[in-house]
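Welcome! Please take a moment to look over the sequence and the model below before reading on.

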Amino acid sequence: EIHAFSLPAQALTQQTVEAALAEPQVECNAVAGTLKDSAGLVYFDAAGAVSGTVRTEADTTAALEALTGQEDLYTVARISCFHDPKAANAEVESMGLKNTGGYIFYDGNNSQWLDPAKPEARQYLTGIIREAAALGFDEILLTDVSYPTEGKLDKIAYGEEDPAANLAAFFTQVNQTLEKYPEIKVSMEVPAGVIETGADEAGKVNLEDVVSAADRLYTAVAVEQVDGLKTLVESYAWPETEFIPILPQWEEGIIGSCLTWWTQAEEA
């Protein structure tokens, strides 16, 4: 079972890692660190990152090595995918998601996304994923693996291909990218509604496509939802796919794997 806590989305330092490992959450045997967030910022020295997006400290590389070098600690690299305003604006034509008028698309939060239909966008992300895998993490957790779900979605220029097929193509590329790292698990974060209904109509995600590519499904839920969603995943007859709830905080009595937050991060 994976009882993981997530470090803050920022460039890691050795001090942060030491503080986190000195006072881990109750019963935690794993830690998740963000290597790329939904603002498009990259928190490790990624050669393929868009110019101006890398945010590191002088000892970030050493901190990452210290984290992944812990033999008794399972490590997860969280990577935000298509929600990436930095790369979308830097390379609008080759990677940015556009509206039907031919301009960059703005979602309901006035933010921008990469276009899953564009090969360059998928290649950019798989390049980041490849570099992250080389750092020695045990698992790659992909978030924002969808089209936008807020805003004037009818104005998105989806292109001629089926949007869900574009995402499925990305999932396939991810697994191909990680073929040389067979020991690394591939996981994806999806909304609870995707598990409940089998799809996300707004985000153009099909659960079957996700499950075919992912070893684990992560979902942000309340504690009272955990048992129901876990049972639902098991009812789909996917014995090799594990459901892992992302909880707002650790609570006693939780059974099974889960991911929560390192609440002491600001005090450390």
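This report visits some aromatic rings, a helix and a loop residue. The model is a predicted one.

**Aromatic rings**

The structure contains three aromatic pairs. In one of them, the ring centres of F170 and F171 are 6.2 Å apart and the planes meet at 55°, so this pair is tilted; an angle over 60 degrees would have counted as edge-to-face. Elsewhere, K204 sits over the face of Y158, 5.1 Å from the ring centre.

| Residue | Relative accessible area | State |
|---|---|---|
| F170 | 0% | buried |
| F171 | 3% | buried |
| E150 | 45% | partly exposed |

**Helix α4**

Helix α4 covers residues 119-133. Its 15 residues, at 1.5 Å a residue, should span 21 Å, and the end C-alpha atoms are 21 Å apart, so the two values agree. Buried residues of α4 include A121, Y124, L125, I128, I129 and A132. Which elements cover the buried residues of α4? Among them are the strands β2 (30-36), β3 (74-80) and β4 (139-143), along with the helices α3 (85-90) and α5 (163-177).

**The loop residue E150**

E150 belongs to the loop between β4 and α5. Leaving aside neighbours within four places in sequence, E150 is in contact with D107, G108 and N109. With N109, the side chain of E150 makes a polar contact of 3.2 Å. E150 and A202 are 52 residues apart in sequence, while their C-alpha atoms are 8.0 Å apart in space.

Notes
Residues are numbered from 1 along each chain as its sequence is written. This is a predicted model: local features need pLDDT of at least 70, side-chain atom pairs count only at pLDDT 80 or more; totals for chains, interfaces and linings use all residues. Side-chain values use heavy atoms; hydrogens and water are left out. Rings of Phe, Tyr and Trp (its six-membered ring) pair if their centres lie within 6.5 Å; planes under 30 degrees apart count as stacked, over 60 as edge-to-face and the rest as tilted. Buried means under 20% relative accessible area, exposed over 50%, partly exposed in between (1.4 Å probe, protein chains only). A charge sits over a ring if NZ of Lys or CZ of Arg is within 6 Å of the ring centre and within 35 degrees of the ring normal. Helices (H or I, at least four residues) and strands (E, at least two) are DSSP runs, numbered from the N terminus. The expected span of a helix is 1.5 Å times one less than its number of residues. Contact means heavy atoms within 4.5 Å. A polar contact is a pair of N or O atoms within 3.5 Å; within protein, one must be able to donate a hydrogen and the other to accept it, and residues adjacent in sequence count only if both atoms are side-chain atoms.
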